[in-house]
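Please work through each task before reading its solution.

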Amino acid sequence: MHASSPRLRRTRTLVAALLAGLTLLTCLTGCGKSESSSSSTGSGPLQVVASINQWQSLAVDLGGDQARVDTILSNTSTDAHDYEPTTADIARISRADLVIVNGAGIDDWAAKAAETGQAKLVDVSKASGRKTGDNPHLWFSSQGRRAAAKAVHEAYRQLRPDRAAGFDKAYQDWQGRQARLDNLIADARKHTQGRHYAATESAAYYLCHDLGMEDLTPEGYLRAAANESEPSPEDLVAFRHLLASGRLDMLVLNTQEVNRTSKELAAEARKAHVPVFEVSEQRPDKYRNLEDWISALVQQVPGAKA
């Protein structure tokens, strides 16, 4: 997840090569963005591309019929960290009026692709005051969701000022849904405040933080997971001792980052009667939007209900 990780370096190399080819193609064909941009003419829906589906639903809800939103990654089996974009992906991004990226190192390939066009860019991490190296799973953060919605709403108003009233109404409706989700989290926090958890990977950190829970994951294991390296034998021993200690109220398992180690830790947790809370990074298709998904997750957290 850090900028220095091998998979991010490989992705950047691939993106650079694809961008070079795409730039040449654009020059040869003469199909500049200024000729086809729907925002320049003010007719037709805005062409919006989100790098990951967590922000796609938010863009749809805030844009209504004034935005046609495409997403690059929507499959829960695909890891945005490891994704290698195709030339077609980069072409879609370069032709967009608005590009929404998560940032914080999770989708650098999308931000770089946006540089080939004239799209307005919303970087959720920057809007949230985060940077590369910070936990990038901002869709699980109430503050991150509000910052993203505000930034996307402002971008829509700037691109289509004559439709500001409609965008304002959609934003107001979204704020109402987020307020209801915040109330659900506050109610759950009455039961989860001060409870302890450990995680095989840090995807749900912000959700657990919003619920007032304390992360007891061994520091060595956390560093190894953040650097995408194998934990040391000592780190695993410390994790297993923690699971058997009776101090944990749950183990968080990221189902998109399952490997032999995480499977073994989940098995150890169940053996020790520690509930395993499973969560994916991508929004599953059965949830219409981000708020529905997070609401369901909150209610699934062990101990969140009286």
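**Exercise 1.** In what order do the four strands of the open sheet lie, and is the pairing parallel or antiparallel?

*Solution.* The model is a predicted one. Its open sheet has the strand order β6-β5-β7-β8, with parallel pairing. Next, consider the edges: β6 (214–215) and β8 (276–279) each have a single partner strand, so one side of each is left without a neighbour in the sheet. Within the sheet, β5 (residues 196–199) is joined to β6 by two bridges, and His196 stands opposite Glu214 of β6. Finally, helix α13 (residues 260–271) packs on the sheet, where it touches β7 (250–254) and β8. The direction of α13 makes about 155° with that of β7.

**Exercise 2.** Determine how helices α8 and α9 are oriented relative to each other, and classify the residues of their contact.

*Solution.* First, take the axes: those of α8 (residues 142–159) and α9 (residues 164–192) come within 10 Å and cross at roughly 175°. Because angles over 145 degrees count as roughly antiparallel, α8 is roughly antiparallel to α9.

**Exercise 3.** Which handedness does the β-α-β unit of β3, α6 and β4 have?

*Solution.* Begin with the strands: β3 (residues 98–101) and β4 (residues 120–123) pair in the parallel sense over four bridges. Val101 stands opposite Asp123 in β4. With helix α6 (residues 108–114), the two strands make a right-handed unit.

Key
Residues are numbered from 1 along each chain as its sequence is written. This is a predicted model: local features need pLDDT of at least 70, side-chain atom pairs count only at pLDDT 80 or more; totals for chains, interfaces and linings use all residues. Side-chain values use heavy atoms; hydrogens and water are left out. Axes are lines fitted to C-alpha atoms, for helices over the stretch in contact, and angles run from 0 to 180 degrees between N-to-C directions. Angles under 35 degrees count as roughly parallel, over 145 as roughly antiparallel, 65 to 115 as roughly perpendicular and the rest as oblique. Ala, Val, Leu, Ile, Met, Phe, Trp, Tyr, Cys and Pro count as nonpolar, Asp, Glu, Lys and Arg as charged, and the others, Gly among them, as polar. Two strands pair if DSSP finds at least two bridges between them. Contact means heavy atoms within 4.5 Å. A crossover is right-handed if, with the strands pointing away from the viewer, the path from the first strand over the helix to the second runs clockwise.
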